[in-house]
Amino acid sequence: MPDLSARYMSLDLRNPVIIASSPLTADIANLRKCEETGAGAVVLKSIFEEQIESQVDREMLQNEEYLSHADAALYFENVSKGYYVNEYLKLLREAKKELSIPVIASINCTNLSTWVSYIKEFENAGADAIELNYYPIASAASVEGRTVDRLALDFASKVKREASRPVSIKIGSRYSSLANMIKGFDVIGIDALVLFNRFYRPDIDIESMTLSQAANPLSSSHEYAESLRWIALMSGEVKCDLCASTGIHDGETMIKMLLAGASACQICTAALKDLSIIRTMCDTLSAWMSRHGFSSISDFRGRLAQENMEETGLWERTQYIKKLSGSN
Ligand SMILES: Cc1cc2nc3c(=O)[nH]c(=O)nc-3n(C[C@H](O)[C@H](O)[C@H](O)COP(=O)(O)O)c2cc1C
């Protein structure tokens, strides 16, 4: 039997399948199921600063008459925020008590100073690592790209300085120089990068003429190519781990990501549809490794990364080039 164990952010995983931050990792019953069906690790559903703020604002509006005094309002705001953070800490503690696989806390935040203190609380509650779900919408036309990039790097380096457990950042691919940003996060000492998040995409309901929920929050199995390319391009360039994410729906795609140099893979859509996919993916990996005579993942990980390819530039090609010889 090949050894499927993987090392990700200095954590020992029994296999490289991580359940991504999602409704599947938002309560203890589902987290238990993730472990029972074979997951290597779980990333808890993100705690969203934006969501907490808007919920607190709503509650403050409902209690307006009592909160006209500034001190009372501030007190109420802090207590309410604390409530949501405490709920998250409760889930984290429960998960750590009941699961034996690594549990990664996930934070989506905008206000760094608040969150650094919460990160410490998450670490004290037992989080094995912290994942930052980082997604600024650079919608202010007056802000230059270099400012957006610098903010992201400053943010990452402050968190890394404060945290005592490994830190990963889950990013999108829309940077003008993605390779430069990936390298920048690596230089700061970030332990892993998750490539890539699949962001919420708002839509419009044309009958009610209002904004509606995203047309399809779930990925399709064709969406993995962007992650595959960037993992192949960057895995030989950085010290940090790269975790593949988006469009990984089966074991074959996971094998491709490992060949490109990924340390682990996060899955969400496939697991939401059927959690037993974890086992199927591991079985596919195990059978493929046996067929090719590999006893551990390190025997083949990164074999098709750019740095190990004899012909350079294949992962960078952007156009379909017809072969000059032969028929089309
Ligand atoms: C319903 C739903 C909720 C999600 N919630 C979060 C979240 O709280 N934090 C986060 O970082 N990603 C969240 N994601 C994104 C997933 O973790 C994952 O990155 C994305 O779905 C791409 O992976 P997939 O192709 O395997 O689905 C969510 C995705 C879905 C479908």
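In the predicted model, the side chains of Gln-266 and Glu-131 are joined by a polar contact of 2.9 Å. Gln-266 belongs to strand 13, which spans residues 264–267. Its relative accessibility is 2%, and Gln-266 therefore counts as buried, the limit being under 20%. Beyond its neighbours within four places in sequence, Gln-266 is in contact with Tyr-8, Ile-18, Ala-20 and Val-43, and also with Glu-131, Lys-170 and Val-194.

The side chain of Lys-45 places an N or O atom 2.8 Å from a ligand oxygen. For the side chain of Asn-133, the corresponding distance between an N or O atom and an oxygen of the ligand is 3.1 Å. The backbone also contributes, with a polar backbone atom of Cys-268 lying 2.8 Å from an oxygen atom of the ligand. On its own the ligand has 610 Å² of accessible area, and the protein covers 89% of this.

The chain as a whole contains 10 helices and 13 strands. Of its 328 residues, 50% are buried. Among contacts in the chain with a separation of 6 or more, 69% are between residues 24 or more positions apart. The accessible surface of the chain is about 17400 Å², and carbon and sulfur atoms account for 50% of it.

In soluble globular proteins, nonpolar side chains tend to be buried together. Here the largest nonpolar core comprises 84 residues, and Phe-122 and Leu-285 have the most contacts inside it. Helix 10, residues 277–291, supplies the largest share of this core, with seven residues. Apart from this core lies another, of 14 residues, which includes Ala-6, Ile-104, Ala-192 and Cys-243. In the largest core, Leu-285 touches Leu-4, Pro-16, Met-254, Ile-255, Leu-258, Ile-297 and Phe-300, residues up to four places away in sequence not being counted.

Ala-6, a member of the 14-residue core, is found in strand 1, residues 6–8. Ala-6 counts as buried because its relative accessibility is 9%, below the cut-off of 20%. With residues up to four places away in sequence left out, Ala-6 touches Leu-11, Asp-12, Leu-13, Asn-15, Pro-16 and Ser-263. The C-alpha atoms of Ala-6 and Ile-297 are separated by 7.1 Å, although these residues are 291 apart along the chain.

Backbone geometry was also examined. Most residues other than glycine have a negative phi, and most peptide bonds are trans. The peptide bond from Leu-195 to Phe-196 is cis, with omega near 0°. Phe-196 is located in the loop between strand 9 (192–195) and strand 10 (203–205). Positive phi values in residues other than glycine occur at Met-9, where phi is near 50°, and at Met-209, where phi is likewise near 50°. Met-9 is in the loop between strand 1 and strand 2 (11–13), whereas Met-209 is in the loop between strand 10 and strand 11 (210–212). With a relative accessible area of 1%, Met-9 is buried. Met-209 has a relative accessibility of 69% and so counts as exposed, for which the cut-off is over 50%.

Asn-30 lies in helix 1, residues 28–36. At 19% relative accessibility, Asn-30 still counts as buried, because the class extends to values under 20%. Leaving aside neighbours within four places in sequence, Asn-30 is in contact with Pro-23 and Leu-24.

Notes: Residues are numbered from 1 along each chain as its sequence is written. This is a predicted model: local features need pLDDT of at least 70, side-chain atom pairs count only at pLDDT 80 or more; totals for chains, interfaces and linings use all residues. Side-chain values use heavy atoms; hydrogens and water are left out. A nonpolar core is a set of buried Ala, Val, Leu, Ile, Met, Phe, Trp, Tyr and Cys residues joined through side-chain atoms within 4.5 Å. Buried means under 20% relative accessible area, exposed over 50%, partly exposed in between (1.4 Å probe, protein chains only). Helices (H or I, at least four residues) and strands (E, at least two) are DSSP runs, numbered from the N terminus. Contact means heavy atoms within 4.5 Å. A polar contact is a pair of N or O atoms within 3.5 Å; within protein, one must be able to donate a hydrogen and the other to accept it, and residues adjacent in sequence count only if both atoms are side-chain atoms. Accessible areas come from the Shrake-Rupley method with a 1.4 Å probe; for residues, only the protein chains shown count as cover.
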